[in-house]
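Thank you all for making the time this morning.

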Amino acid sequence: MHPALRQIGRHITRHIDGVLLSAVLALMAVGLVVLISASNMSAARVTAQLANLLIALGVMWLFANISPHYLARLAFPLYVLGVLLLVGVALFGEVVQGARRWLDLGITRIQPSELMKIALPLALAWYFDRYEATLRSKHYAIGAVMLVIPVALIARQPDLGTAVLITAAGFFALFLSGLPWRLIAGLAVAGGAALPFVWSALHDYQRQRILTLLDPMQDPLGRGYHTIQSTIAVGSGGWFGKGWLNGTQTHLDFIPERTTDFAFAVFAEEFGLVGCVVLLGLFLFVISRGMLIAANAPNMFTRLLAGAITLTFFTYAFVNMGMVSGILPVVGVPLPLISYGGTSLVSICIGIGILMSIHSHKKLVQT
Amino acid sequence: MSAELSINPGIELRNAQLELHHFQLRLAIATGFVLFMFLLLFGRFFYLQVVKHDQLQTLAEANRIAIVPVVPNRGIIVDRNGIVLAHNYSAYTLEVQPHKINNLENLIDELAALIEITPRDRRRFKRLLEESKSVGSLPIRTRLSDEEIALFAANRHRFPGVEINSRLFRHYPQGEIFSHVVGHIGRVNQREVEQLEADGLAANYRGTDYIGKLGLEQKYESHLHGTTGVEEVEVDSGGRPVRTLSRTPPVPGNNLMLNLDARLQEVAYNAFGDFRGALVAIEPSTGGVLAFVSKPGFDPNLFVDGIDVLNWNELNNSLDKPLVNRALFGTYPPGSTFKPFMALAALTLGKRTPQQAISDPGYFNFGGHQFRDDKVGGHGMVDMYKSIVVSCDTYYYVLANDLGIDAIARFMGQLGFGSRTGIDIEGESAGVLPSQEWKMRRFNQKWFAGETISVGIGQGYNAYTPLQLATAIATIANDGVMFRPHIVNYVEDIRTQERGAVEPNPLRTLDVRKQHLEVVQQALIGVNKEGTSARSFIGAGYVSAGKTGTAQVIGIKQGEKYVESKVQERHRDHALFIAYAPADDPKIALAVIVENAGFGARHAAPIARKVLDYYLLGKLPPPERRKDKDASGA
């Protein structure tokens, strides 16, 4: 290869973490394989998802090249912008399928809750980094407030899935920043005491989902349907699965949302326990790599950011697989890098791009 | 840890190494948490995919495969000349699955905005809804046009739980004329479901919505229905079939070929004009039923998909009782049509010779009662021949007294009076053949000798169905060889063309002498030639035998004269006539009763003449003048 080209190539890939990228690409490949089956080999769907993947990889590359230094400066303004947009959604948002999630900016429609998935860990990491030497309960309280504001706004849209993910992101940031154990215990107690109030604040359909989880058979054709059918799909996969394109639950339309939130049911039915273990392994690999990047990050901001992003990624995967296999209520959380759809894919790849950036910029920051 | 930091809050200690250590500890805890949660997921996967695999695999298969019954085509019913009396046609229906719909009224209103739904459709649907407890789909509209189908298809997303199905429908092209004999099918109700289950037939009726409810449709249900086939289909979650995995074709039901002659039946039905009544015509040499009329009838097509409340009430509450099968279930005193059988009894039991004559003063006194003859002053000297030809009551008063009730009952029992003929439709009435034992059983009372007298002229407790009368006269016509009357000639297997005859063998032969039978037969010929019904048979191109009869509807007090015009219409006497022809080689025997028509010779005999003319000569009666009553009833 021409030295100049090599030079350019090296320049382009300078901030890309090959290890992380390979795991991400493997998961994306699995996602495409599942999509081909789940969409009944719809060329349109697969092409659209390929485009999504290319865009997401581009965005990932972009964020990998942005120094954490700049991100730290952007953190708080982004957070404020996010909260303002969420307030805007609450006031002027468009109602789509009973939920107010979208904001029409005239040129384009945006979903500010997606922005929050990145903005909140950024802001918390920035905040704790700023007071890193003098962290006291007060700071955790402020951190908690920074967490609760967007979560409350998102939960009342309602968008339980995103609320769960953002709560997890914020909580992990707080936890990694050294949230005292007594506060954690206190939170747990307070949370337990607040459960009845949370329950009464939930929308009917949200309560139903939780009740359904406890006993799917009470409404087998209604609210229990998703859980029952996806559980059957997973279980009927057995050790080795029914084979690619051979899932009866999938191809006879018994699995709802099978290209998006329930894509894992398709995978588990067609590839069985062996496939599931491989998939768990891939996710675990990405998470481990993220943890390692966090552990080796040069300062508080990057550590917290890397840790929170990684654990959010884990939360995505766990909540989705838990929901599909019937141990968690049905909330709209896609399986990261597998489920069809561009929005969450991009926000996940932004996170991974940031991880790569933290990894590749650590020497720069340290100096 | 942060707890240590808080020991000296004032000191800003920047110990990067310690902080990193704390962070990494937290990170390790988080990693442990992640591993634990993933282990939990793995446990769940293992539980579902290994431990519960068999069970969930079965569920997945059950999801996937639906066993769909394939309903066989119901056999058709045709008359002896191949005229179709009941057949199937395919049509599209708009069906609603009530259990999937919250507000049915709203839904129907919305549907009605798209597709015409008449008040009758609504009423019928309501009735169906009340009757069915199943979760199947119920038709709200049948026989959709192509435009209506297209219109609904374009809007079907608005109507979950509503669908268009192609179904076979039963149709009775002859309408009310055959309603009582062919009967009709209707939707299977809960009671029938239970009966089918008890009979072990439930599986064969999976998917079958209809079952025979009346007439031949009911009696020959097992022949007509056929054997339900099975299709194993792969279905999607909406229950829509994706592909067929295996198929056992249904076996179509057998066809019924009847003895009935549709045109004869029509001639007979129309011959009644506005009168109510019944007519049964039988081929004496086989017992095959040629015509089986009960008038008024009803449109059996109304019942196929569940009759609506309005029509039902109209039929059920009608004074004319169109739902009653008069030929089968109606019992009437035979009146004077009983006399030839009495004469045969007298000859057989040795109580009379043909020549033995009585002098008729016009009445018979017994036990302080005077039993009057129709003819004031009497018929003079009356032998057996004359007693039948002029229908002399006095002759039979005396005879009945001489025979005694139990001897009469024993003899008439042979002719089938007082017991069901065993015709091949359900709902037959046995009639009343009075005897000492019968009265004791029925009223717990002794028989009075005076009660025997009116039995002799077919009054008193006597009550028989038109079918019994027809069977009895057919037996006389057939020289005492009796057949069980049967409507179906044979059942045809549609695939093998194999025919199973229904009733090929005689039931019994009467214990009577041939010369005695001939005396009665000659007298019956005399009735149509020179007797009470001679006027009705003037100019007939064949020799026929007959007997008129008049049955009292209400009792007439002693000393009071029955005057037709003074009696309310529905209290007027019933007119009866029995006949067969040609006399030397009878091809047809019949009994006809015309309700509240008065004297038998005037109203019943002309109907018989029309029927015989058509059957023997192919002569159609002049077109009936249709009166208002008929027109409004149509």
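Let me begin with a term for sheets: two strands are said to pair if DSSP finds at least two bridges between them. Helices (H or I, at least four residues) and strands (E, at least two) are DSSP runs, numbered from the N terminus. What you see is a predicted model, in which local features need pLDDT of at least 70 and side-chain atom pairs count only at pLDDT 80 or more, whereas totals for chains, interfaces and linings use all residues. Residues are numbered from 1 along each chain as its sequence is written, and chains are lettered from A and ligands numbered from 1 in the order in which they are written.

With that in hand, please look at chain B, where five strands form an open sheet in the order S12-S11-S23-S22-S21, with antiparallel pairing. Its edge strands, each pairing on one side only, are S12 (288-295) and S21 (545-551) of chain B. Between S21(B) and S22 (residues 574-581) of chain B there are seven bridges, and B:Gly549 has B:Leu576 in S22(B) as its bridge partner.

Helix H11 (residues 262-271) of chain B lies across S11 (277-283) and S12 of chain B, at about 30° to S12(B), where axes are lines fitted to C-alpha atoms, for helices over the stretch in contact, and angles run from 0 to 180 degrees between N-to-C directions. Helix H21 (residues 466-477) of chain B, in turn, lies across S11, S22 and S23 (588-594) of chain B, running at about 150° to S23(B).

Which residues does the contact between the two chains take? There are 39 from chain B and 41 from chain A, two residues being in contact if their C-beta atoms, placed from the backbone, lie within 7 Å. On the side of chain B that touches chain A, the largest share, 18 residues, comes from H2(B).

Turning to chain A, helix H2 (residues 18-38) and helix H12 (residues 263-295) of chain A pack at an angle of about 165°, with their axes 10 Å apart. H2(A) and H12(A) are therefore roughly antiparallel to each other, given that angles under 35 degrees count as roughly parallel, over 145 as roughly antiparallel, 65 to 115 as roughly perpendicular and the rest as oblique. Among the residues making this contact are A:Leu27 of H2(A) and A:Phe285 of H12(A).
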